[in-house]
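Q: I am new to this structure and would like to learn how to read it. Can we go through some features one by one?

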Amino acid sequence: MEAKDDNSSVVKSMHGPLVKRSEVTAGLAYSDYRNELRYDFYYSCAYCTITEYEAAGIRFTIDHYVPQGNTEIDVHAYENLMYACDECNLRKGNRHPPASAQEAGFRFFRPDKDALLEHFSASGVRVNHVTNTGYYTIQSLDLNRQSLRRLREYRERLAETHEYVVAGIHALRHVRIDRFPKHVRTQVLNAIKSAQEAANEREEEIETTLRDFARSPLLDRDPDAETRAKERTRELDQMKALHPGAWRTPRKAANSA
Ligand SMILES: [Zn+2]
């Protein structure tokens, strides 16, 4: 193998899918794959690339690429699940173009099978389509919505990395060290230094660092949630016992007069 310096070994092309799926146990409830999805999708939305860290108040959800209700495939299988921000998921809804349209390329981009820069290009803070898949995805999900233009502006200020502005955190593992955002650069450099032994290991450490950067601890599973929920229910039940009466506003039921 040819010896390369640190920088050039990190330079990679952006050709090929960015998301590599983990091996998972098949047949679980789709919501049980949440943590694997978060990891595999770099804690980022499959469609708009916003990271948990950047998303602040926006919730993250599990999207069914082929929508629920479709009977032709197992929609809850891991391969059909995407990690997506609530905004993209809501806009995507149950859209599913007919076969003829899909054959012509009018379908949603998917980062586990498609290469991002084959379908999208950037012009400033806007994304443009390169293919029909890019076009359909931009139009359906409004990928030039204000919040995303602002996000790209924010990224532009962090790093002059064209790919990062468009492709998000995924792109950072494909670019030169000097183009990483300043606040993660040291971490990434340390990661590279401490993993000189093998190129693969080095790559893994970079990925770990980037994942740590993208991830919001607020969205991690709370191991005590169940215990606390039980306690809270008990406390509330005691309150209810002390003060009997309606503790909730009745929902406007269908049978209400
Ligand atoms: Zn999104």
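Q: Which residues does Thr-131 touch, not counting residues up to four places away in sequence?
A: Keep in mind that this is a predicted model. Contact is read from C-beta atoms that lie within 7 Å. By that reading, Thr-131 touches Gly-105, Glu-118 and His-119.

Q: Where does Thr-131 lie?
A: Thr-131 belongs to the loop between β4 and α7 (132–141). Its C-alpha atom is separated by 7.4 Å from that of Phe-120, and the two residues are 11 apart along the chain.

Q: Why does Thr-131 count as partly exposed?
A: A residue is buried with 20 or more other C-beta atoms within 10 Å, and exposed with 12 or fewer. Thr-131 counts as partly exposed because it has 15 C-beta neighbours inside 10 Å.

Q: How many bridges join strand β3 to strand β4?
A: Strand β3 (residues 120–123) and strand β4 (residues 126–129) run antiparallel and are joined by 4 bridges. Ala-122, for instance, has Val-127 in β4 as its bridge partner. The hairpin of β3 and β4 has 2 residues between the strands, and in this hairpin Gly-124 takes a positive phi near 65°.

Q: Which residues of α8 are buried?
A: Leu-148, Leu-151, Arg-152 and Arg-155 are buried in α8. They are on the same side of α8 because they cover an arc of only 95° around the axis. The face turned away from this buried side carries exposed residues, namely Gln-146, Arg-150, Tyr-154 and Arg-157.

Notes:
Residues are numbered from 1 along each chain as its sequence is written. This is a predicted model: local features need pLDDT of at least 70, side-chain atom pairs count only at pLDDT 80 or more; totals for chains, interfaces and linings use all residues. Two strands pair if DSSP finds at least two bridges between them. The arc is that of the directions from the helix axis to the C-beta atoms. Two residues are in contact if their C-beta atoms, placed from the backbone, lie within 7 Å.
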